[in-house]
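Subject: Structure handover

Hello,

Here is the structure I promised to pass on. Please take a look at it first; my notes follow below.

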Amino acid sequence: MNSLSNIEWRISDTKIAYPDALTEMEQRNAAIYSGTAPELIWLLEHPPLYTAGTSSDPAELLSHEFPVYETGRGGRHTYHGPGQRVGYIMLNLKTRQADVRNFVHALEDWVIRALDEFGIKGRAVDGRVGIWCDTPKGEEAKIGAIGIRIRKWVTMHGFSVNIDPDLNHFGGIIPCGISEYPVTSLKQLGVDATMEDFDAALKRTAPDFLAAIEKAA
């Protein structure tokens with residue numbers, strides 16, 4: 001089952017309003033659980049907005065420049081906007097490994113593998129949510145966010161990776177509650193990759209992600 005053949009791979013070429021995406025995820029989650037729709041990997045962009053996860057602290061919202069949406073995913077405040085690839089992953093873990101920790105690690109590793117195709121050495125860091133890398137100045141910076149929700153063992157939400165967003169927009173929040181590290185992007189790191197380039201890298205590395213969440217033989 002580490003093939004994409006039975007999974008819908010959807011790329012939206014217009015910016016999707018967050019409430020519309022949330023409604024789609026809720027409906028697809030129920031349909032996957034009931035067996036009336038295939039699993040879905042959905043790649044998209046949002047207009048500028050902030051989301052608040054289940055552990056969000058209102059004090060970490062520093063600006064109301066953009067809309068703020070409550071969401072059922074784990075984590076704290078996150079920014080989404082143009083130039084950022086968002087991946088919403090709707091998979092049935094009952095037919096795979098019903099292991100939340102394993103799923104999160106596999107999701108992190110998937111993003112890390114995709115970044116590696118552009119020469120960016122991403123990593124997960126214990127105690128800090130997200131995907132991290134080093135800048136040319138030797139700083140640690142966050143290049144990707146992870147936030148999931150699982151209902152009836154069907155996953156929702158997923159990851160975001162900064163391709164070329166306006167990094168100033170992150171200044172309206174304390175991203176994921178971590179104030180001591182900056183955010184970065186492929187563009188800021190000197191990588192002139194398009195969204196299509198990154199999508200292609202995600203698709204090439206997806207089989208390894210799916211293998212990592214497969215049930216043991």
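Strand β3 (residues 49-52) pairs with β5 in the antiparallel sense, over 4 bridges. Two strands count as paired if DSSP finds at least two bridges between them. Strands here are DSSP runs (E, at least two residues) and helices are runs of H or I of at least four residues, numbered from the N terminus.

Before going on, two notes on the source. This is a predicted model, in which local features need pLDDT of at least 70 and side-chain atom pairs count only at pLDDT 80 or more, while totals for chains, interfaces and linings use all residues. Residues are numbered from 1 along each chain as its sequence is written, and side-chain values use heavy atoms, with hydrogens and water left out.

Back to the sheet. Y50 stands opposite Y79 in β5. The sheet is open and has 3 strands, in the order β4-β3-β5, with mixed pairing. β4 (68-70) and β5 (77-80) are the edge strands, each pairing on one side only. On average, neighbouring strands of this sheet are turned by 25° against each other, direction ignored. The axes behind that angle are lines fitted to C-alpha atoms.

Next, helix α2. Its 17 residues (100-116) should span 24 Å at 1.5 Å a residue, and the end C-alpha atoms are 24 Å apart, so the two agree. The expected span is 1.5 Å times one less than the number of residues. D99 caps the N-terminal end of α2, with a side-chain oxygen 3.2 Å from the backbone nitrogen of R101. The buried residues of α2 include F103, W110 and L115. Buried means under 20% relative accessible area, exposed over 50%, and partly exposed in between (1.4 Å probe, protein chains only).

R128 is in strand β8 (residues 128-134). R128 counts as buried because its relative accessibility is 15%. Its side chain makes a polar contact with the side chain of E140, at 3.0 Å. A polar contact is a pair of N or O atoms within 3.5 Å, one able to donate a hydrogen and the other to accept it; residues adjacent in sequence count only if both atoms are side-chain atoms.

Last, the lining of a cavity (grid points, 1 Å apart, where a 1.4 Å probe fits but cannot get out; lining residues have an atom within 4 Å of a point). The largest cavity is lined by 15 residues, among them R73, H80 and F159. β10 gives the most to this lining, with 4 residues.

Best wishes

Terms used. Axes are lines fitted to C-alpha atoms, for helices over the stretch in contact, and angles run from 0 to 180 degrees between N-to-C directions. On a 1 Å grid over the protein atoms alone, a cavity is a set of points where a 1.4 Å probe fits but cannot get out, and a pocket is an open set with protein on both sides within 12 Å along at least five of seven lines; lining residues have an atom within 4 Å of a point.
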